[in-house]
Amino acid sequence: MVPSPHPSRRSSEEPSPTVSQTAPASPPAIRTLAAADAVDLHLHTVASDGFWRPAELVDYLADNGFTVGAVCDHDSQASVLEAIRQGERRGVTIVPGIEVTTRWDGRQWHLLVYGIRPDDERAEARPFLEMVETTDAAFREIARDARQRVEASGRPLPSLPAVLARTGTAMYPVHVLRAMIADKHVPRLKEAAELVNALGGKFTIDNPLDEVVEKAHLAGGICVIAHPGRPDLGPALTADVLEGILASVPLDGLEAHYRTYTDADIAFYRDLAATHGLLASTGSDSHALKTPVDPRAWQAIWAQDLLGRLGIEVKPREDGSPVWAPGMDPLVVPASTEK
Ligand SMILES: [Zn+2]
Ligand SMILES: [Zn+2]
């Protein structure tokens, strides 16, 4: 039994897959947003390690007044087309996205790539979409391998079918890790991943940053470094490191607004983006309700130039106040709790 590379396109919440699959791919509607319209440009679904099914995510966005959301699963676009269809149903513009795991200078960087549809049939899109497909197949293979290693080490995984049923997708490494937790072999994802490594398996794959950006650009995609101020993949991005990357890799932007940032972080990354002529993006990185956060109502104008590149116009503020200033974001992390 060979799992489909894009299993969640046929996920169970979709009432009539035949109709949806043959519906014409309509171009994204041109939209004009007010400056303070709510947008969230970094959202995960069941296509990677999130729990949002596309319809649930879009319903949440519509019910909470969002005008634009970007579906950016890790190394997968399996939810993108369904989310776009659901967005058309609910009046939410869904930007096609993906968060590609990349490698540069010996560490991983998460790269948000916006604006490439997985059903793009142009020759220019082939290298990028083929890279995504190849990586997807490799992830399914390392999941199979990790499961085998864990079970062979005397740790049965009876919870695995239930873990998979919850997301309705093929088996990816995160599902093996979750089953290891559910079956009480390890307390958390961190220890699960460490155990897989200790057993000789792996749970992550990365592609060279320069190659990913080159293929994304050929396809017309926009490349934004995700959560540059989050220090858990490696140190937070500094001005010097950004200059080093830009010397050989033509990035397009930085995620200058993120759920863990203080106003000082936002100021730093907005300034850094402006200094290098880069776009600013805004993302919660929501994986489900309260996981770790709900989608967040970022003001459209904070990502004005990026949205413009995606064909979404954002009007200037009517009162002439600055695009962003400290204190404007009611959900910003207070400086006193800065890590
Ligand atoms: Zn990330
Ligand atoms: Zn993410």
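**View 1. The loop around P292, with a cis peptide bond.** P292 sits in the loop between β9 (279-283) and β10 (298-299). Helices (H or I, at least four residues) and strands (E, at least two) are DSSP runs, numbered from the N terminus. The peptide bond joining T291 and P292 is cis, with omega at about -20 degrees. Most residues other than glycine have a negative phi, and most peptide bonds are trans. This is a predicted model, in which local features need pLDDT of at least 70 and side-chain atom pairs count only at pLDDT 80 or more, while totals for chains, interfaces and linings use all residues. Residues are numbered from 1 along each chain as its sequence is written, and chains are lettered from A and ligands numbered from 1 in the order in which they are written.

**View 2. Confidence along the chain.** The protein chain has a mean pLDDT of 91, and 90% of its residues reach 70 or more. Residues 1-27 have a pLDDT below 50; beyond near neighbours in sequence, this stretch has 31 contacts in the model. Here pLDDT is the predictor's confidence in each residue, from 0 to 100, and two residues are in contact if their C-beta atoms, placed from the backbone, lie within 7 Å.

View 3. D75 belongs to the loop between β3 (66-71) and α3 (80-90). Its phi is positive, about 55 degrees, although D75 is not a glycine. D75 is buried, with 24 other C-beta atoms within 10 Å. D105 lies in the loop between β4 (93-104) and β5 (107-114). D105 is not a glycine either, and has a positive phi of about 50 degrees. D105 is exposed, with 10 other C-beta atoms within 10 Å. A residue is buried if 20 or more other C-beta atoms lie within 10 Å of its own, exposed if 12 or fewer, and partly exposed in between; the C-beta atoms are placed from the backbone.

View 4. V71 is part of strand β3. It is buried, with 32 other C-beta atoms within 10 Å. Leaving aside residues up to four places away in sequence, V71 touches L43, T45, S79, V80, A83, I94, P96 and G97. The C-alpha atoms of V71 and G97 are separated by 5.3 Å, although the two residues are 26 residues apart along the chain.

**View 5. Helix α3 and its packing with α2.** Of the 11 residues of α3, 8 are buried, so this helix is largely enclosed by the rest of the structure. The buried residues are V80, L81, E82, A83, I84, R85, Q86 and G87. Helix α2 (residues 54-63) packs with α3 at an angle of about 35 degrees, and the axes are 9 Å apart. Axes are lines fitted to C-alpha atoms, for helices over the stretch in contact, and angles run from 0 to 180 degrees between N-to-C directions. The crossing of α2 and α3 is right-handed. A crossing is left-handed if the near helix is turned anticlockwise from the far one by less than a right angle, and right-handed if clockwise. From α2, P54, A55, L57, V58, D59 and A62 meet E82, A83, Q86, G87 and R90 of α3. By class, this contact has 6 nonpolar, 2 polar and 3 charged residues. Ala, Val, Leu, Ile, Met, Phe, Trp, Tyr, Cys and Pro count as nonpolar, Asp, Glu, Lys and Arg as charged, and the others, Gly among them, as polar. After α3 comes G91, with a positive phi near 75 degrees.

**View 6. Helix α6 under its cover.** In α6, 8 of the 10 residues are buried, and the helix is mostly covered. The cover over its buried residues includes α4 (126-152), α5 and α7 (189-198). K184 follows α6 and has a positive phi, near 65 degrees.

View 7. α4 and α6 pack at an angle of about 25 degrees, with axes 8 Å apart. They are therefore roughly parallel to each other. Angles under 35 degrees count as roughly parallel, over 145 as roughly antiparallel, 65 to 115 as roughly perpendicular and the rest as oblique. F139, I142, A143, A146, R147 and V150 of α4 meet P173, H175, V176 and M180 of α6. Helix α5 (residues 160-167) and helix α6 (residues 173-182) pack at about 130 degrees, with axes 9 Å apart. That makes α5 oblique to α6.
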